Amino acid sequence: MPPSSTSSIAVVAAVQAAPIYLNLERSLNRALELIAEAAKRRAQLVVFPESWLPGYPAWLDNCRDVALWDNQPMKRLYAQLLENSVVVPSRVTEALGEAARKHHLTLVMGVHERVMEGAGRNTLYNSILTFGPTGELLNVHRKLVPTFNERLIWGQGDGAGLRVVETPVGRIGGLICWEHWMPMARQTLHLGGEDIHVALWPSVKEMYQVASRHYAFEGRCFVVAAGGIMRRSDLPADLELAANVANGDSEFILDGGSAVIGPDGQYVAGRSEERRV
């Protein structure tokens, strides 16, 4: 894939594997293993899905009563999520940056970002962290508007990280999920001259495939669409499941669908149904 004049061929990897849900330490260790595995396959750009550390909050759609006032199971779950979210900078970002430096690759990671604003005051953001092959944190993009019930846990981002960064594989920008239906956000990155766009999704279902392909065609860039993996058994055990969530614990709630798409809107690779769990 020829993304820019500085590199005739780039090898990219869209990670399609589950984290250890709501466990930052174990999920980080798994991320480092997956980055090393991608590096062995000569990947120069490694992209993880939306909020991969420590897992997309699919319980918002698949569990009942998550918005009830003073819901004790949900309050415990939120506290657990807060405790296992990523502070920037921190030991976690240092470890991710070191992995990018060690393997000399560009790394894009979707995280729950925790911003501590004083005693007892914290805000979580749905963020993209982009690391260069020197280990430097090149950009932090916070999802501009959390979608529907995501607003129960994430704050509203801003445009500070809505930009394109230079990397050895080309100019890279990224958006999260429904930001791909925000025309001015797309236009901002198009004007930045993206060679490669990273599209982070919970999983890349059919309409998200359409959005990713449209973005590639509109922006005349390559798109790496990264989708996550989650089984019903990964949903929080102390929340009541909604009716007909899945037929069994092994059934997928999020089922990947990762793909690489060319500037003509056609698939270069994917959509992938190979799952790592």
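Reader: How far apart are the end C-alpha atoms of helix 6?
Author: In this predicted model, they are 20 Å apart. Helix 6 covers residues 206–219, which is 14 residues. At 1.5 Å a residue it should span 20 Å, so the two values agree.

Reader: Which residues of helix 6 are buried?
Author: Tyr208, Gln209, Ala211, Ser212, Tyr215 and Ala216 are buried. Seen down the helix axis, these buried residues fall within an arc of 165°, so they line one face of helix 6.

Reader: Why would spaced-out residues point the same way?
Author: An α-helix has 3.6 residues a turn, so residues three or four places apart point the same way.

Reader: OK. What do the buried residues of helix 6 pack against?
Author: Several elements. Among them are helix 5 (183–191), strand 7 (170–176) and strand 8 (196–200). Strand 9 (222–226), strand 12 (259–261) and strand 13 (267–270) are also partners.

Reader: What comes just after helix 6?
Author: Arg220 does, with a positive phi of about 50°.

Reader: Let's go to strand 8. How many of its residues are buried?
Author: 5 of the 5, so strand 8 is largely enclosed by the rest of the structure. Both of its faces are covered. Ile196, Val198 and Leu200 are buried on one side, and His197 and Ala199 on the other.

Reader: What is the relative accessibility of Ile196?
Author: Ile196 has 0% relative accessibility, so it counts as buried. Its C-alpha atom is 9.6 Å from that of Gly219.

Reader: Do strands 7 and 8 run parallel or antiparallel?
Author: Parallel, with 5 bridges joining them. In strand 8, Ala199 stands opposite Leu175.

Reader: New topic. What is the strand order in the open sheet of 5 strands?
Author: The order is 1-2-3-4-5, and the pairing is mixed. Strand 1 (12–14) and strand 5 (137–142) stand at the edges. Each has a single partner strand, so one side of each is left without a neighbour in the sheet.

Reader: By how much are neighbouring strands turned against each other?
Author: By 30° on average, direction ignored.

Reader: How many bridges join strand 1 to strand 2?
Author: 3 bridges, and the two strands run parallel. Strand 2 covers residues 45–47. There, Val46 is the bridge partner of Ala13.

Reader: Which strands of the sheet does helix 3 touch?
Author: Helix 3 (residues 72–83) packs on the sheet and touches strand 3 (106–116) and strand 4 (122–131). Its direction makes about 40° with that of strand 4.

Reader: And where does helix 4 lie?
Author: Helix 4 (residues 91–103) lies across strand 3 and strand 4. It runs at about 10° to strand 4.

Reader: Where is Asn149?
Author: Asn149 is in the loop between strand 5 and strand 6 (165–167). With 24% relative accessibility, it counts as partly exposed. Leaving aside neighbours within four places in sequence, Asn149 is in contact with Leu60 and Asp61.

Reader: How far is its C-alpha atom from that of Arg76?
Author: The C-alpha atoms of Asn149 and Arg76 are separated by 18 Å. Along the chain the two are 73 residues apart.

Reader: Last one. What pLDDT does the protein average?
Author: It averages 93, and 95% of the residues score at least 70. Over residues 2–7, though, the pLDDT is below 50. That stretch has 13 contacts in the model beyond near neighbours in sequence.

Notes:
Residues are numbered from 1 along each chain as its sequence is written. This is a predicted model: local features need pLDDT of at least 70, side-chain atom pairs count only at pLDDT 80 or more; totals for chains, interfaces and linings use all residues. Side-chain values use heavy atoms; hydrogens and water are left out. Helices (H or I, at least four residues) and strands (E, at least two) are DSSP runs, numbered from the N terminus. The expected span of a helix is 1.5 Å times one less than its number of residues. Buried means under 20% relative accessible area, exposed over 50%, partly exposed in between (1.4 Å probe, protein chains only). The arc is that of the directions from the helix axis to the C-beta atoms. Contact means heavy atoms within 4.5 Å. Two strands pair if DSSP finds at least two bridges between them. Axes are lines fitted to C-alpha atoms, for helices over the stretch in contact, and angles run from 0 to 180 degrees between N-to-C directions. pLDDT is the predictor's confidence in each residue, from 0 to 100.
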